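Please look at the sequence and the structure before reading on.

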Amino acid sequence: MAQTQMALDSLDFDATVALATKVAPHVDILEIGTPCIKHNGIKLLETLRAKFPNNKILVDLKTMDAGFYEAEPFYKAGADICTVLGTADLGTIKGVIDVANKYGKKAQVDLINVVDKKTRTQEVAKLGAHIIGVHTGLDQQAAGQTPFNDLAMVAGLGLGVDISVAGGVKAATTQQVKDAGATIIVAGAAIYGAADPAVAAAEISAIAHGNSASAGGVKKYLPWLIAAAVLILLVTLLSGKKESAEKAVDAAPAATEMAAPAAEAAAPAAEVAPAAEAAPAEAAK
C-alpha cells in the first residue's frame, strides 16, 4: 500500500482551506506547497492542523540553509514532514533530520535538480533521512521529463526509506508509480484541476491503497465475477436435484420393506377365507 499526498499550491488562503476540506477525507497527506507556504506563512499550517487532525501535513519548505533553525517552528506548529533540498549542504540536511527526530516527525530530502542523485541519496540515507523525494518540477515537466528513471534508480538502491514521487502523477499512472517502488504518491493538478477534486482524489487513493486490482479496478474483473456467481448457482441447483433423486431412491427400499409385512398379513387371511366357505358345505351333508 502506498500513501497519497495532495499538493496545495494556490496562493489564496481561503481557496486552499476550501480545497483541503474537499480532498482531506480522500488522501493521507496534505501538502502545503512551496509558493503556498511562502505566501501564507505558518498561520495556514496552524489552520489546517486544527481542521484536519486525521491527516498528516507536509510543509514543502525546500530548505537550502540553516536547516534546524528554519524547520523547527513548522514542526512545533504541527507539521509532520518538512522538506530540505538535496542540493543543500549535508550539514543543512542533517539539521532538518535532527529537528524532525527531536519532535518525532520526518524529514524529506528533495532530489530536484540534484546532478548525482544516486550518491546524494546514499549520503542522506546514512544521515537518517526518512523520505527521499523523487521530484520532477513543473518546468521540467513542461520540457517533457518524468520521474520514472529517477524512481527506478532510488528504489533499486534498497535503502529502506520511504520514496515520495511527484511530477505529473495522475490516476492513469498511479499504478505504474506504485509498482515502480513509490510509497508516497503525490498528485497536484490531477486533483485540483479536476471537475470534482474529491472524486479525483478518491480514485487515485483507491489505486494507491490497493483497493483496485489494477488501474482498471474491479470493473475489469466484473464479467468474471458474474460468471463465477452463475456457476455457483447452477452447481447449487444441480446438487439440489441430485439430492432429491437420491432421497427418492433411498425411499424405495423403505416402501418395499413396509409393503412386505402387509402382504404377509394378507396371506393368512386368504387361507382362512376358503376354510370358512367349506364349512357350510359340510354342514349341508
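## Surface and overall make-up

The protein has an accessible surface of about 15,300 Å² (by the Shrake-Rupley method with a 1.4 Å probe), and 60% of this surface belongs to carbon and sulfur atoms. The model is predicted: local features need pLDDT of at least 70, side-chain atom pairs count only at pLDDT 80 or more, and totals for chains, interfaces and linings use all residues. Residues are numbered from 1 along each chain as its sequence is written, and side-chain values use heavy atoms, with hydrogens and water left out.

Its secondary structure consists of 12 helices and 8 strands, which are DSSP runs (helices H or I, at least four residues; strands E, at least two) numbered from the N terminus. Of the 285 residues, 39% are buried, that is, under 20% relative accessible area with a 1.4 Å probe, protein chains only.

## Two paired strands

Strand S1 (residues 3-8) and S2 run parallel and are joined by 4 bridges; strands pair if DSSP finds at least two bridges between them. Ala7 has Glu31 in S2 as its bridge partner.

In a regular strand, side chains alternate between the two faces of the sheet. Strand S2 (residues 29-32) is covered on both faces: Ile29 and Glu31 are buried on one side, and Leu30 and Ile32 are buried on the other.

Note on methods:
Buried < 20%, exposed > 50% of the residue type's maximum accessible area, 1.4 Å probe, protein only.
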